[in-house]
Amino acid sequence: MSTELANRDPGRETGDAREAIIFRVGPQEFCIDIMTVREIRGWTPATMLPRSPGYIRGVINLRGTVLPILDLAQRLDLPSVDPTSRHVIVVVQIGAQVVGMLVDAVSDIITLADSMIQPTPAVASEASRSFVGGLVALDGRMINILRLENVLGEIRAEAA
Amino acid sequence: MEGMDEIRDTFFQEAEELLGELERGLILIQEGDRDSETVNAIFRAVHSIKGGAGMFELDRLVSFAHAFETVLDDLRSRKIGLEANGLKTMLRSADLLSDLVRTARAGEEMEAGREAVLMAELAALSGGVADAAPSAFDAPELPAGPVSRLYDIRFTPLAALYANAGDPALLVRELHRLGTATVSCDASHVPDLSELDPEGAYLSWTVALETTESEDTIREVFEFVEGDCILEVIAGEPMVVEEPAVVEEGDGFDVAALLARMQAELGDGPAPEATPSPFDMPFAPDFSADFSNVVDLADMRPVETPAPSPAPAVEPVAAPVLAASPAKTEESKASSAPAPAAGATIRVDLDRLDRLVNLVGELVINRAMVAQRVVEAGLSNTAAVSVGLDELEQLTREIQDNVMALRAQPVRSVFQRMSRLVREVGEAVNKQVQLVVEGEGTEVDKTIVERLTDPLTHMIRNAIDHGLESPEKRLEAGKPLTGTVHLSARHASGHIVIEVSDDGGGLNRPRVRDIAVSKGLIPADAQLSDEETDNLIFLPGFSTASTISNISGRGVGLDVVKRSVQALGGRISIASRPGRGSTFTLALPLTLAVLDGMLVTVADQTLVLPLTSTVETLKLKPEEIHALGSSKLVTLRGAFTPMIDVGRHFGYRHAPADLTKSVGLVVETQGNTRTVLLVDEIQGQRQVVIKSLETNYGSVPGIAAATILGDGRVALILDVDALVSEASASASDFSFAIAG
């Protein structure tokens with residue numbers, strides 16, 4: 001599974017250009033490989049999970065599947081607000097695991113080539129470096145390439 | 001060779017079913033059934049296992065099955081009668097056969113020589129004639145003793161044979177196993193290409209077979225294609241053993257190679273159709289050139305086409321064809337395997353079924369959501385809409401019931417295993433036991449069927465070892481020497497009820513009580529009703545066996561059975577009558593996909609409690625609550641019972657619940673201990689569809705699973721046992737955590 005993750009992770013992939021989806025959390029922008037995205041849907045209130053980490057908003061019903069919702073802002077130590085109906089859940093699949101990520105909005109789809117990716121400078125905190133696998137400059141904006149496997153990776157371990 | 005593995009799997013699956021049929025048939029015979037169809041059925045079962053095993057070169061299995069089959073064949077043809085002894089041998093043979101199948105499936109080798117005793121017994125049964133050629137598929141040697149005959153077999157397949165995936169090559173190969181066969185094929189009826197029906201049947205075969213086997217055995221080869229072919233078997237005179245008139249193979253005529261070439265030229269794609277025409281035709285002209293000299297070898301009819309049919313001495317013919325098309329082989333086996341008792345069935349991947357079950361769950365939820373939206377939109381008064389919704393609801397419910405039924409299986413497979421267990425345990429403890437089974441056709445979810453084995457095994461062992469008295473005591477008590485264990489299954493109010501009862505001495509209540517007291521399970525002065533005393537045996541750490549036998553006293557007691565039954569969402573109880581025996585009653589849900597739950601509200605969250613663990617609900621009065629350190633206890637009919645504030649325990653809120661607005665739910669957990677769970681409100685009882693939380697997240701302590709409510713929201717299902725044990729373990733830590 002780990003090799004699969006590595007292959008899918010835009011931050012590490014060395015292949016040809018691929019498409020990535022850009023979304024916004026607070027003022028920051030992130031992108032992930034579009035192939036990992038199963039669907040995008042509006043926020044619906046989640047059922048609380050007792051004794052879960054703070055960044056787990058709970059679970060919702062995704063057409064019969066119980067889908068855990070990860071609050072990306074809290075996960076990345078960014079200021080988090082209570083979600084409204086204008087918030088968006090990006091449903092991603094890694095391996096057999098399907099997880100919803102709560103973000104502010106989905107803004108764009110870009111074609112990403114390796115040459116566009118810059119390494120994450122050392123100024124960032126360790127946490128953000130483990131979650132961000134590189135940076136992309138786009139029209140004067142800075143897009144963080146999210147390392148999905150690190151963002152989601154601990155969910156299972158922590159929960160179990 | 002993935003395909004081969006798959007076929008192997010199929011073989012073993014079928015072997016399991018056949019073993020079940022065998023066991024069932026033998027039991028019927030044991031019960032006095034003398035119907036010849038029953039004997040036929042068990043013969044066919046063993047025969048089919050042998051056939052399949054031969055294909056995978058499971059030699060030990062083949063040779064034992066063969067010995068077994070020989071006896072059954074004699075029994076079938078009434079050459080031998082059946083005495084109790086013989087039946088015992090057969091039952092044990094069936095057990096050994098299933099062991100052989102199991103070890104073969106696991107790819108293991110059973111310890112050598114285990115068959116020897118039974119083989120000898122079987123040989124003795126079949127009139128003392130030990131079978132000289134047990135390996136059914138070895139090249140036949142002609143034993144000196146039996147007389148061989150020359151049979152003239154004419155075999156003309158009809159189109160139906162090919163349509164049913166029959167394969168003449170296999171049948172011919174079968175014949176080869178019986179003796180020395182000389183095969184010729186008559187292709188004279190093959191029309192010109194323009195008139196050729198690709199699905200037609202034009203070929204016929206003539207086989208001169210020299211064998212010691214009977215005509216019946218030969219006809220049996222064609223048993224599965226009966227009606228799909230024209231078959232003539234003409235027996236010749238008995239002949240003195242001499243060099244059989246085999247066609248010389250040096251005639252420069254190697255059919256195997258020829259067939260292999262055909263196969264190659266046809267490509268390695270899908271296995272060729274069973275119809276011979278497509279691959280026989282293109283080569284027909286060749287025959288005329290090369291083989292004209294061999295035509296006279298066979299019993300040929302005059303031919304009109306320029307292509308004289310090959311008159312092959314088909315010695316190794318089967319091998320290459322088979323290697324190239326294993327799938328076809330298996331198919332023809334499968335489709336021709338007789339299934340007299342069972343109806344038509346189809347194997348479906350369990351995953352697919354589960355997806356269907358999930359989808360139907362969706363449908364149910366979706367319907368509820370639509371209904372709710374209709375009400376919200378103020379359309380519920382419109383007659384057409386509400387009638388439509390009602391119909392939709394009925395349909396959905398029907399679909400749900402039917403889909404759930406797809407996963408249902410009769411408990412027969414588990415019950416059948418028990419008869420072997422009864423034999424073995426009975427022998428081990430020197431008690432004569434008969435098992436009477438009822439309602440083995442009762443259906444329940446496949447998973448439950450699978451998980452029934454352990455508790456049932458335990459209960460039956462218990463019944464024989466502890467329940468039934470020794471033969472001497474039985475005689476003293478004026479009971480028949482042979483003890484009876486009843487095993488029954490039936491449906492009752494949405495559950496399956498399984499009962500295991502014995503006609504033994506019943507529970508020794510004073511002893512049960514003494515043991516419970518001596519082990520500190522109950523206070524010495526406890527006042528217990530008979531029923532309560534009986535149910536003490538389910539307490540952890542209780543074991544009535546005064547001597548530890550390797551049958552049931554293995555450190556695990558009935559509490560383990562109770563746990564596993566509860567894990568399936570069921571209940572177990574015992575009723576005992578002194579001197580008359582005991583009855584264990586097991587009530588299980590029909591499916592694991594749904595659960596009867598009690599919906600409660602805790603801090604605005606809806607939670608589901610399994611109804612099986614809920615005993616009663618009560619309104620609490622402040623004066624009934626007592627503090628013990630950081631824990632709270634409730635006086636429940638005089639007994640101090642621990643209380644858990646669910647909302648605080650799960651961290652839904654920090655403030656303690658307002659007692660005046662709360663409801664207490666008494667739940668029963670491991671070891672029959674009771675606990676009061678404090679919730680805000682009871683919404684009602686409902687059947688809920690169980691959804692895994694672990695697929696996408698992980699396990700949450702105290703939470704068993706999730707479900708989706710009618711409004712589309714997720715609700716969590718409590719794991720009451722985990723919740724209680726966790727709460728009691730961490731009671732002190734937890735209060736510090738809150739304080740800090």
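**Chain B, its helix pair and the cores**

In chain B, 46% of the 740 residues are buried, meaning under 20% relative accessible area with a 1.4 Å probe and protein chains only, whereas over 50% is exposed and anything in between partly exposed. This is a predicted model, in which local features need pLDDT of at least 70 and side-chain atom pairs count only at pLDDT 80 or more, while totals for chains, interfaces and linings use all residues. Residues are numbered from 1 along each chain as its sequence is written, chains are lettered from A and ligands numbered from 1 in the order in which they are written, and side-chain values use heavy atoms, leaving out hydrogens and water.

Chain B has 24 helices and 22 strands, taken as DSSP runs numbered from the N terminus (helices H or I, at least four residues; strands E, at least two).

How do two of these helices, H14(B) and H15(B), cross? The axes of H14 (residues 350–376) and H15 (residues 383–406) of chain B come within 10 Å and cross at roughly 160°; axes are lines fitted to C-alpha atoms, for helices over the stretch in contact (heavy atoms within 4.5 Å), with angles from 0 to 180 degrees between N-to-C directions. H14(B) and H15(B) are therefore roughly antiparallel, the term for angles over 145 degrees. Residues making the contact include B:Leu353 and B:Arg367 of H14(B), and B:Glu393 of H15(B).

Finally, the largest nonpolar core has 59 residues, a core being buried Ala, Val, Leu, Ile, Met, Phe, Trp, Tyr and Cys residues joined through side-chain atoms within 4.5 Å. A:Leu72 is among those with the most contacts inside this core, and A:Leu72 touches A:Phe23 and A:Leu146, among others, not counting residues up to four places away in sequence.

Definitions and conventions. Parallel < 35°, antiparallel > 145°, perpendicular 65-115°, else oblique.
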